[in-house]
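Subject: Structure handover

Hello,

Here is the structure I promised to pass on. My notes on it follow below.

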Amino acid sequence: KGFVERSEGIARGLRLKDNSPAEFNRAKSNIITIPQYGSVAAGEPIFADTNIEGYVAVEKPRRASGTLFSVTVRGDSMIDKKIVERDKLIVRKQANASDGDIVVALLDDEVTVKIFRHNSGKPYLQPANDKYDPIRRPFRILGIVVGLTRDYTIA
């Protein structure tokens, strides 16, 4: 974005450029901080303050109206949608979804990410990996995935 420049002759010598404060503030206003929720113990609601593992600073998604939160992906059930282990999903909190939306849902005491399906019958959750079967038991939608972040430095 042009806000940082390298200082010659200094290792890791980076400094902020003298750009106009209005331009810097405009770029900074696109960054938001959202809670990162962890795994959920049986019977404990996911949105309890005790489940917050930390906060994630992300660029504000275009579909960002409403309350946002983040969860970390575990497993490989969504690899055909390019969602992989350790991705942090940005989720808009809401209780309903349209057919084909990627949702975060609560199944008993487990939180999962799947594709919401509702084809003229009972709603179900469809994995994006042929190794797994659809989930056809009661669930509650916690939100719709509106973005993700990926850290390539994790070993």
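This is a predicted model. Confidence is lowest in helix H1 (residues 21–28), with a mean of 60. Confidence is highest in strand S9 (residues 124–126), at 94. Helices (H or I, at least four residues) and strands (E, at least two) are DSSP runs, numbered from the N terminus. Where pLDDT is low, the predicted coordinates should not be read in detail.

Ground rules, briefly. Residues are numbered from 1 along each chain as its sequence is written, and side-chain values use heavy atoms, with hydrogens and water left out. In this predicted model, local features need pLDDT of at least 70 and side-chain atom pairs count only at pLDDT 80 or more, while totals for chains, interfaces and linings use all residues.

Aromatic pairs

Rings of Phe, Tyr and Trp (its six-membered ring) pair if their centres lie within 6.5 Å; planes under 30 degrees apart count as stacked, over 60 as edge-to-face and the rest as tilted. The count is two aromatic pairs. Tyr37 and Phe69 are edge-to-face, at 5.7 Å centre to centre and 80° between the planes. Tyr37 sits in strand S3 (residues 31–37) and Phe69 in strand S5, so the pair ties together parts 32 residues apart in sequence. Both Tyr37 and Phe69 are buried (under 20% relative accessible area; exposed is over 50%, partly exposed in between; 1.4 Å probe, protein chains only).

Phe116 and Phe139 have ring centres 6.3 Å apart and planes at 75°, so this pair is edge-to-face. Phe116 is in strand S8 (residues 110–117) and Phe139 in the loop between S9 and S10, 23 residues apart. Phe116 is buried at 7% relative accessibility. Phe139 is partly exposed at 21%.

Charge over a ring

Arg136 lies over the face of Tyr124, 4.1 Å from the ring centre. The rule: NZ of Lys or CZ of Arg within 6 Å of the ring centre and within 35 degrees of the ring normal.

Loop residues

Which residues does Asn129 touch? Asp76, Ser77, Ile79 and Asp80, not counting residues up to four places away in sequence. Contact means heavy atoms within 4.5 Å. Asn129 lies in the loop between S9 and strand S10 (140–149), and is buried at 8%.

Lys82 has a positive phi, near 65°. Lys82 is in the loop between strand S5 (68–72) and strand S6 (88–93), and is exposed at 61%. Arg86 is found in the loop between S5 and S6, with phi near 75°. Arg86 is partly exposed, at 40%.

Best wishes

Technical notes:
pLDDT is the predictor's confidence in each residue, from 0 to 100.
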